[in-house]
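Please work through the exercises below with the sequence and the structure at hand. Each task is followed by a solution in steps.

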Amino acid sequence: MSILVINGPNLNLLGTREPGIYGATTLADIEAAAIAQGEAAGHTVECFQSNHEGAIVDRIHAARTDGTQFVVINPGAYTHTSVAIRDAFAGVEVPFCEVHISNVHKREAFRHHSYLSDIAVGVMAGFGVMGYTLALEFVIEQLKNQG
Ligand code: DQA
């Protein structure tokens, strides 16, 4: 079974981007760890990153028919702005977990609202890059229960 990990805008800069907030781990490290974690549980993990809202919408649409069972997404700043990404998830009905490296709730007020959280299966925030690992562990468990 297949899991899709989506990272939104500016997450390609992880490792050098505001390391005090986001740490020193690169996106390549996160993706390699996610692929290995999935593989160890018998799942294919595909990783996708884009700085473009429409490209993320297109990738979510493709998930409806490409065998994706579950999506783990860090939507970056689009979390707080994108009705289009919300509507894409609502349209394809593929379950997803939302991940934030930082604790968005202890940051600026504009980061406190997410257009995705109320339709996500679960939300991780503030656990650093371990949030991806924890979300994937949950997803792997969910897929086990699905048979
Ligand atoms: C983020 C939090 C967002 O507010 C921000 O725009 C990001 C990263 C996080 O992982 O903590 O780009 O999603």
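The model is predicted: local features require pLDDT of at least 70 and side-chain atom pairs count only at pLDDT 80 or more, whereas totals for chains, interfaces and linings use all residues. Residues are numbered from 1 along each chain as its sequence is written, and side-chain values use heavy atoms, with hydrogens and water left out.

**Exercise 1.** Identify atoms that lie 3.1 Å, 2.8 Å and 2.6 Å from an oxygen atom of the ligand.

*Solution.* 
1. At 3.1 Å lies a polar side-chain atom of Arg17.
2. Ile101 places a backbone N or O atom 2.8 Å from a ligand oxygen.
3. For Ser102, a polar side-chain atom is found at 2.6 Å.
4. The ligand taken alone exposes 320 Å², of which the protein buries 99% (Shrake-Rupley method, 1.4 Å probe).

**Exercise 2.** Is Ser114 buried or exposed, and which side chain does the side chain of Ser114 join in a polar contact?

*Solution.* 
1. Ser114 lies in the loop between strand E4 (96–100) and strand E5 (122–125); strands are DSSP runs of at least two residues, numbered from the N terminus.
2. With a relative accessible area of 12%, Ser114 is buried (buried is under 20%, exposed over 50%, partly exposed in between; 1.4 Å probe, protein chains only).
3. The side chains of Ser114 and Glu98 are joined by a polar contact of 3.0 Å (a pair of N or O atoms within 3.5 Å; within protein, one must be able to donate a hydrogen and the other to accept it, and residues adjacent in sequence count only if both atoms are side-chain atoms).
4. The Ser114 side chain also reaches the backbone nitrogen of Ser117 at 3.1 Å.

**Exercise 3.** How many salt bridges does the whole structure contain?

*Solution.* 
1. The search finds seven (a side-chain nitrogen of Lys or Arg within 4 Å of a carboxyl oxygen of Asp or Glu).
2. Among them, Glu18 pairs with Arg17 at 4.0 Å, N to O; Glu18 is partly exposed at 43%, and Arg17 is buried at 17%.
3. Glu108 bridges to Arg111 at 2.7 Å.

Terms used. Helix = DSSP H or I, 4+ residues; strand = E, 2+ residues; numbered from the N terminus.
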